[in-house]
Amino acid sequence: MPGKDALRLALSVMLLGMVLGGNVLIWPMEGSHWLNVKIVLGRLVEREHSVTVLVASGSLFITPTPDSALHFEVYPVAFGKERLEGMIKSFVLTWLENRPTLTTIWRFYREMTKVIMDFHEVTRELCDGVLANRELMERLRRGRFDVLLSDPVFPCGDLVALKLGIPFMYSLRFSPASTLEKHCGKMPFPASYVPAVLSELTDRMSFGERVKNVLSYHLQDYIFNTLWAQWDSYYSQILGRPTTLCEIMGKAEMWLIRTYWDFEFPRPYLPNFEFVGGLHCQPAKPLPEEMEAFVQSSGEHGIVVFSLGSMVKNLTEEKANLIAAALAQIPQKVLWRYKGKQPATLGPNTKLYDWIPQNDLLGHPKTKAFITHGGTNGIYEAIYHGVPMVGIPMFADQPDNIAHMKAKGAAAEVDFSSMTTDDLLGALDAVINEASYKESALRLSRIHHDQPTKPLDRAVFWIEFVMRHKGAKHLRPASHSLTWYQYHCLDVVAFLLGCAALGLFVVARCCLFCCGKLGRTGRKRKRE
């Protein structure tokens, strides 16, 4: 028996060694993308992996700290934080001024193209900052990394992985217009019931909405082919052979999608796509003493949590006063994350904060509603804690996110550009006082919690899976090796049509031959 115990212990140590102690390289994205991935990196460090993050010197949100458990590899770039801040501001303003509708969608894409071109220019500088830095690339080769985790919204993470000879995988909410998942990942997107990104549609579409959906897909494909395909020459240059962005992205071992079926509409997906939405959510922790006292002072009415995310730091004076006037009329206490000038209409029930512990507030038993811009992270915290929402979406995936929550009965929406005090007040009244919103939010919360494994554990499992097996080729569909016409079986259709045409031709010739022969026989008999 002692010998068997020793053998079991030795096998356990060997198995642990297969998982622990790996080297993970990160090609990150800015903003909330980084905040989300950072949770995964923390868990990898807990499991004794070494994690190295590639950070540009002009990074806006990723701040290396000497006491961090992560290793930051900072590389120089020509642009500074001001360039990124200007690009984000331009992105937000362009979106707000040209929000896509059926009548404005072409103008929207035309204006957004200018912003995307600027984005591509910055991304090229990030790529060159690593790939053209021989000293850095040599240092990375000596690091003997096991896997690279990348966000495909910033291209080139895959190129770094290929140059280092290591497998790579993606973590993302969605790519621009979902074209990367669709064209490069070969994810099915049936237009009949899978709404296009930015369409604000659901999976239950009328005929007119399906027309809009099909047009949206074709327009997004056109934008992808004209804008993202500009990377083909860069990728070919770096790898020294003709290739395309999609061909290289299609080599990703896994795609970790930061949503789940509590958020998504049912749809087909592939075995190398895993849904890990809400991986950053956790039980609420106690609030700071002063904040807890304010929350408790709300009595039976409870509180409303209000945040428009990290990118919108302040509003125009007119808009801030409009919102504050609405909040002043509700019986609940309001905790509003806002860095702008204090609105003149601010009521005594509303308190402004530079920062709030959003997850902990949403998990507080006195929270009645969450006013949100519709960012995925905030929505998932509301789902996790079962809190109904008032959505004020502004840009990017936010309108789509709120459309999903409305369809599932857990949110009401207010249009940011045209809302009045009464609009916001009416939405708050409905969400707080109509039981259906709370019931729907709790239903989504139960679905989220009723999973065989937690989203964070699932994300870490697949990263370690790729490390253990040096990839996940057995999950990669054969569609990656097919041409576009083979994928859609157009060659088979052409062959069958050709066979049918040949058959019809032969039958027609036979008929003509027989008819001609009968005619000649008839004429001969007449003469006789």
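1. The second largest pocket has a lining of 29 residues, and those nearest its centre are K182, H183, K186, W484 and H488. Its volume is about 800 Å³. Elements supplying two or more residues to this lining are α7 (179-184), α8 (207-227), α10 (245-249) and α19 (484-487); α8 provides the largest share, 6 residues. By class, the lining of this pocket comprises 15 nonpolar, 8 polar and 6 charged residues.

2. The model is predicted: local features need pLDDT of at least 70 and side-chain atom pairs count only at pLDDT 80 or more, while totals for chains, interfaces and linings use all residues. Residues are numbered from 1 along each chain as its sequence is written, and side-chain values use heavy atoms, with hydrogens and water left out.

3. On the terms used: on a 1 Å grid over the protein atoms alone, a cavity is a set of points where a 1.4 Å probe fits but cannot get out, whereas a pocket is an open set with protein on both sides within 12 Å along at least five of seven lines; lining residues have an atom within 4 Å of a point. Grid points are joined across faces, edges and corners, and a volume is the space filled by probe spheres set on the points. Helices (H or I, at least four residues) and strands (E, at least two) are DSSP runs numbered from the N terminus.

4. The structure contains 6 cavities of 30 Å³ or more.

5. K408 lies in the loop between α15 (398-407) and β13 (411-413). Beyond its neighbours within four places in sequence, K408 is in contact (heavy atoms within 4.5 Å) with residues including W261, D262, F263, E264 and R443.

6. Helix α6 (residues 157-164) is largely enclosed by the rest of the structure, because 6 of its 8 residues are buried. The buried residues in α6 are G157, D158, L159, V160, A161 and L164. Just after α6, G165 adopts a positive phi of about 75 degrees.

Note on methods: Ala, Val, Leu, Ile, Met, Phe, Trp, Tyr, Cys and Pro count as nonpolar, Asp, Glu, Lys and Arg as charged, and the others, Gly among them, as polar. Buried means under 20% relative accessible area, exposed over 50%, partly exposed in between (1.4 Å probe, protein chains only).
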